[in-house]
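Please walk through this model in the viewer, one selection at a time. Each stop names what to select and then says what is there.

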Amino acid sequence: MSDSREWTPQAIQAEIDALKHKPGALLPILHAIQDRVGFVPEGAVSIIAESLGQTRAEVHGVISFYHHFRTSPPGRHLVQVCRAEACQAVGGRTLEAHAKASLGVDYHQTTADREITLEAVYCLGNCACGPSIRVDDAVRGRVTPDAFDALVDELRTQPLEVIG
Amino acid sequence: MSVRVFVPRDTTALSLGADAVADRLRREADSRGLELTLVRNGSRGLAWLEPLVEVETPAGRVAYGPVTPADVPALLDDGLLEGRDAHPLAQGPTEAIPYLERQQRLTFARIGVTDPLSIDDYRAHEGFRGLEAALARAPQDIVEEVKASGLRGRGGAAFPTGIKWQTVLDAPADQKYIVCNADEGDSGTFADRLVMECDPYVLIEGMAIAGLAVNATQGYIYLRSEYPLAKQILDDAIARAEAAGYLGDDLQGSGRAFHLEVRLGAGAYICGEETSLLESLEGKRGLVRFKPPLPAIEGLFGRPTVVNNVLSLAAVPFILAEGAGAYADHGMGRSRGTLALQLAGNVKRGGLIELAFGTTLRTLMEDFGGGTASGRPLRAVQVGGPLCAYLPESQWDLPLDYETFAEVGAGVGHGGVVMFDDSVDMAEQARFSMEFCKEESCGKCTPCRIGSTRGVEVIDRIRAGDNREANLELLGELCETMEDGSLCAMGGMTPFPVQSALKHFPDDFQRAPEGDRS
């Protein structure tokens, strides 16, 4: 996950216009906005509602139903720890507790340095090689607490890309 | 001549460092002046050997695993490119590895063998023969073939696929849909992911055949957002299949059309329930619908819709290519064909095992799995996902088929087998089942929405020793209410793991949780 970018109503409208012809376009639109901005800004709701001929309540209802959509900017990286049974069987609960303690945050929270947002996930489909976590779009298997810390160090020491 | 070396690129192999292994191989070969052609294949499904590197030799493919980047120089020193077996990671000829050799791979015949995106590879390995056969037949003939195969829905409900297709074929409509349920949310399951990442064309082919069978021209794959790699591979495969005339307005010059699109879910487990999935595809909250009407009559956008699991659709090309008899020859009783079992959790040798129905859990967990990864005794196994029962040792010798498991209150589900050693606290597992339901309930019906919250609370009281016997009785009643009164399987089946834990592991409910014990 890269830095949350600035968004403009024009950018939101462009994402909507590219997809609104599709049947059942709302989820694809929300994905496109979140992929571009990093989250679905509150200000996007009325633009989406207007464009799709829905009420703001309907759009808000969909955003809030799905765990994947977030309404505030995440940290620079998103780390998801699997909470499901196959990972529990190989120490997933210990890893969860370690991740929270080590980062000093609970699920749905972001570290003070804005580097890492911690989320729970229920299954990454890597169930023969748990415990598993997902860092942005990459899944890691057999993650011990030590491996978790090493990974987090690595994420924090990656140089920031300076655009401009 | 350049030697072909295969390094898998599925999620599991990548999660264990396959990209770094591939990089190291390339660099090491360059610096030694060796010529090799690196192929990024799918996984063979032998998860415990990943990353599993294979080398093509005149005598067939030879395997090495699990390989780390640091192993690469020694592997090359020890004759990896000649397929020699000097190195300790040498596994010999891939197809002779007992874990693989003992399987009956029909649906998964190609995984790990081919480059997942190569249409030439797919065709060279029997690909698109089912579609070609279907294009020469009338819709009713195709439906009859699927009926005769005995194929039942592999998502968990085990409804006969051919009967569902018949209903959609018979429903008059100007537009019909094929929807693939790829919202593989059950913990312990990864077979859908392996199909999509390692052999995407078999799913595309199966969906196109379904379209021909019921006169549907549009298909959607509803894919969970937790599978970003599958999304990327499917999108790429669909574009290539369109370019090659296997999707689009004119399938192989037949004049028949079938279009396909991947739609991403958004992290809601309930969207694996077919009516919730359809709501989500329509752009709404994933609230479960009342049935009837069946989706086969009024499904996506109110039109007749086939909703099938990835594995059901991926079984279809074999059935059309080889005939219903070839498929139905496998299996037992009313469970025909093969089942994709996924060995997971605390297991020494986890992975995908495709076998005819009728094998036992003990064979799977001991002969294939080699027992637990921790080396401690096995204590419980959850088969079929988070909504299915935990089974104690007394049930490990039952033959795996839909009817036998149903008789003991268990389920085969999507074929996930999650093993736990003797350190598991079954009261904690029961609590998690309720907590998961609380987290993932769509909220439409009260027994599921409120029952799961109360379930967590009452299990907490039992574990705290607060009025334990009365609360155990209350938990039993709550489970009955949820089972009888919920609208769908989420609330209706959440009691199964809880009740099985209570029944088979009652001692775990009689003591304080770990950490609270003094």
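Select G358(B) and show its contacts, two residues being in contact if their C-beta atoms, placed from the backbone, lie within 7 Å. Apart from neighbours within four places in sequence, G358(B) touches G331(B), M332(B), P399(B), L400(B) and D401(B). G358(B) lies in the loop between β13 (351-356) and α15 (361-368) of chain B. Helices (H or I, at least four residues) and strands (E, at least two) are DSSP runs, numbered from the N terminus. G358(B) counts as partly exposed because it has 15 C-beta neighbours inside 10 Å. The scale behind this calls a residue buried if 20 or more other C-beta atoms lie within 10 Å of its own, exposed if 12 or fewer, and partly exposed in between, with C-beta atoms placed from the backbone.

A note on the model before the next stop. This is a predicted model, in which local features need pLDDT of at least 70, side-chain atom pairs count only at pLDDT 80 or more, and totals for chains, interfaces and linings use all residues. Residues are numbered from 1 along each chain as its sequence is written, while chains are lettered from A and ligands numbered from 1 in the order in which they are written.

Next, select helix α13 (residues 310-322) of chain B. This helix is mostly covered, with 11 of its 13 residues buried. The buried residues of α13(B) are V310(B), L311(B), S312(B), L313(B), A314(B), A315(B), V316(B), P317(B), F318(B), I319(B) and L320(B). After α13(B) comes G323(B), with a positive phi near 100 degrees.

Two packed helices are described by the angle between their axes and the distance between the axes. Here the axes come within 7 Å and cross at roughly 80 degrees. Axes are lines fitted to C-alpha atoms, for helices over the stretch in contact, and angles run from 0 to 180 degrees between N-to-C directions. α10(B) and α13(B) are therefore roughly perpendicular to each other. In these terms, angles under 35 degrees count as roughly parallel, over 145 as roughly antiparallel, 65 to 115 as roughly perpendicular and the rest as oblique. From α10(B), the residues V202(B), L203(B), E205(B), G206(B), M207(B), I209(B) and A210(B) meet V310(B), L313(B), A314(B), V316(B), P317(B) and L320(B) of α13(B). This contact has 11 nonpolar, one polar and one charged residues. Ala, Val, Leu, Ile, Met, Phe, Trp, Tyr, Cys and Pro count as nonpolar, Asp, Glu, Lys and Arg as charged, and the others, Gly among them, as polar.

Move to helix α9 (residues 191-198) and helix α11 (residues 228-243) of chain B. They pack at an angle of about 40 degrees, with their axes 8 Å apart. That makes α9(B) oblique to α11(B). Their crossing is left-handed, meaning that the near helix is turned anticlockwise from the far one by less than a right angle; clockwise would be right-handed. R193(B), M196(B) and E197(B) of α9(B) make the contact with L229(B), A230(B), I233(B) and L234(B) of α11(B). Five of these residues are nonpolar, none polar and two charged.

Now select helix α7 (residues 139-149) and helix α8 (residues 161-170) of chain B. Their axes come within 7 Å and cross at roughly 160 degrees. α7(B) and α8(B) are therefore roughly antiparallel to each other. The crossing of α7(B) past α8(B) is left-handed. On α7(B) the contact uses P139(B), Q140(B), V143(B), V146(B) and K147(B), and on α8(B) it uses T161(B), G162(B), I163(B), W165(B), Q166(B) and L169(B).

Finally, turn to chain A. Its secondary structure comes to seven helices and five strands. Colour domain 1 (9-65) and domain 2 (77-157) separately; domain bounds come from an automatic or database domain assignment. The centres of the two domains, taken over C-alpha atoms, are 29 Å apart.

Which side of chain A touches chain B? In total, 34 residues of chain A are in contact with 47 residues of chain B. The elements of chain A giving two or more residues to that side are α2 (26-37), α4 (56-65), α5 (85-88) and β5 (138-140). The largest share, four residues, comes from α2(A).
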